[in-house]
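Please look over the sequence and the model shown here before reading the report.

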Amino acid sequence: MTHQPVSDSSVPDWRRIDRDALWHPFTQMAEYEREDPPPPIIVSAEGNWLIAQDGTRYLDVNCGYWALALGCRPESVERAVKAQIDRFSHSTLLGISHEPALRLAERLTKLAGAPLNHVFFNDSGSEAVEAALKMAYQYQVHSGHPERCEFLGLGEAYHGDTLGAVAVGGVELFHTTFKPLLFKVQRVPPPHCYRCPWNLKPESCALECAQAVEQAIAERAPTLAALIIEPFVLGPGGIIPQPKNYLERVVRAARKQGVTVIFDEVAVGMCRLGSVFAFEQLDDPKRERVPDIVCLAKGLTAGLLPLSAVLVNAEIYRAFLGTYADRRTFYHGHTFTGSALGCAAALAALDILADEEFLRQLRENTIPALWRMLEPLRAHAHVGNIRGRGLMAALEIVKTRGAPDEPYPGEQRLGHRVVLAARKRGVNMRAIGDLILAVPPLTITQSEIDLFGRVLRESLDEATGISPF
Ligand SMILES: *Cc1c(COP(=O)(O)O)cnc(C)c1O
């Protein structure tokens, strides 16, 4: 494919159309319109690189917002989608079945292992969370406990943007406006070692963050349907990794009280942390802490098509069985539930993602290489914290380091200035406030990591006003 120069009059004025017709998500459009240089308009892609209308190439270290697990153009996944189009693109799972959904259900349940033996499909991570919440509550109804109608979630949790997902979310900036519309959720502060809500130090604390969840469960269990948690790392709420043993403790506490455990693995699943499912990394040799419900999306199709999956354990699934007259049916689903094209993409993605050699490479080479690149940046005068796990990392920039570190005033948009500086240097990044995200495709190469590291340092220096000389 050749790239047309911008001046060619046969090329539509995409900039004007972008301003006049398109409303971008999570974007203040009045500021977006004024951005200088203007944001790139992507027209094609190659490997881990996006190619803009003017021919500029960008290494995409945000990989389509964490979805393009295998880079922008995974050949075998593209081939599988094209082959599926030649058979059929869409049918429904309401009352009849289809082959790609059956193959994927079998593959996912085999990979997850007992007792996670059924899959419910949706189209996005938010929808997976909605389905999980409704299932968890309806399960309590069928178990004779309709009074168990509350959920327990963490502060800074992010579970999506539909109203149920917003209700269990805990990101103030995104969620406060909608408070009057939301159902009640019990919330415990997150285990945030860099900005500990209990003002404790990880070296000397007694995991007061886990104690708080244990206590909330002990007190509220009679009215709790489920605990919903992003395992190991709270993602969009700030890439907040959980201290060792935290997750094991909170799952154990929920188990003890009959509180259903929902793992939102939308971000951390599909190998982001080095295993197909994040829950495989629990210290759980007897498989006593396998979550009851697991939500997957983002990387599930390697990011080529929207598809999400909710894995459910045998006990919950059985509680929904009966006759229509018994009123145990799960009255939930979407037109495109179990999209045939999405399932075909996911199967091809899993051929790579679940391959032992691919996982070994990821764990032994790619993940350590990313952290080796990040490590020296800890000494940067404006980097307050570097945190994460697997191929999910972030750098928090601060005005001055000290005890405690002092953030930049929000209106200076330092994080975004780093993003703009990186864009000039051919790297597409994303920031949440002053948190610079490093969530690259799992296929990122050593030389691409080196480039990312060099651009990251130069961009930090430029945005924070440090002269490189
Ligand atoms: C992205 C994300 C979601 C929402 O998924 P969508 O596909 O954007 O609806 C939910 N939970 C987590 C942890 C996520 O990262």
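Predicted model: local features only at pLDDT ≥ 70, side-chain atom pairs only at ≥ 80, totals over all residues.

Residues are numbered from 1 along each chain as its sequence is written, and side-chain values use heavy atoms, with hydrogens and water left out.

**Overall fold**

The protein contains 15 helices and 17 strands, where helices (H or I, at least four residues) and strands (E, at least two) are DSSP runs numbered from the N terminus. Its radius of gyration, taken over C-alpha atoms, is 23 Å, close to the 23 Å that the globule rule gives for 469 residues, so the protein is as compact as a globular protein of that length; the rule itself is 2.2 Å times the number of residues to the power 0.38. Along the principal axes, the C-alpha atoms fill a box of roughly 70 × 60 × 45 Å. Of the 469 residues, 54% are buried, a term that means under 20% relative accessible area, with exposed meaning over 50% and partly exposed in between (1.4 Å probe, protein chains only). Among contacts (heavy atoms within 4.5 Å) between residues at least 6 apart in sequence, 70% join residues at least 24 apart.

**Domains**

The protein is divided into two domains, with bounds that come from an automatic or database domain assignment.

| Domain | Residues |
|---|---|
| domain 1 | 14-66 + 356-464 |
| domain 2 | 77-353 |

The C-alpha centres of domain 1 and domain 2 lie 27 Å apart, and 29 residues of domain 1 are in contact with 28 residues of domain 2.

**Two residues**

Glu 150 belongs to strand β5, which covers residues 150-154, and it counts as buried because its relative accessibility is 10%. When residues up to four places away in sequence are not counted, Glu 150 touches several others, including Lys 184, Gln 186 and Arg 220.

Ala 319 is found in helix α11, which covers residues 314-319, and it also counts as buried, at 13% relative accessibility. Leaving aside neighbours within four places in sequence, Ala 319 is in contact with Tyr 139, His 142 and Arg 328. From Ala 319 to Leu 154 the separation is 165 residues in sequence and 27 Å in space, C-alpha to C-alpha.
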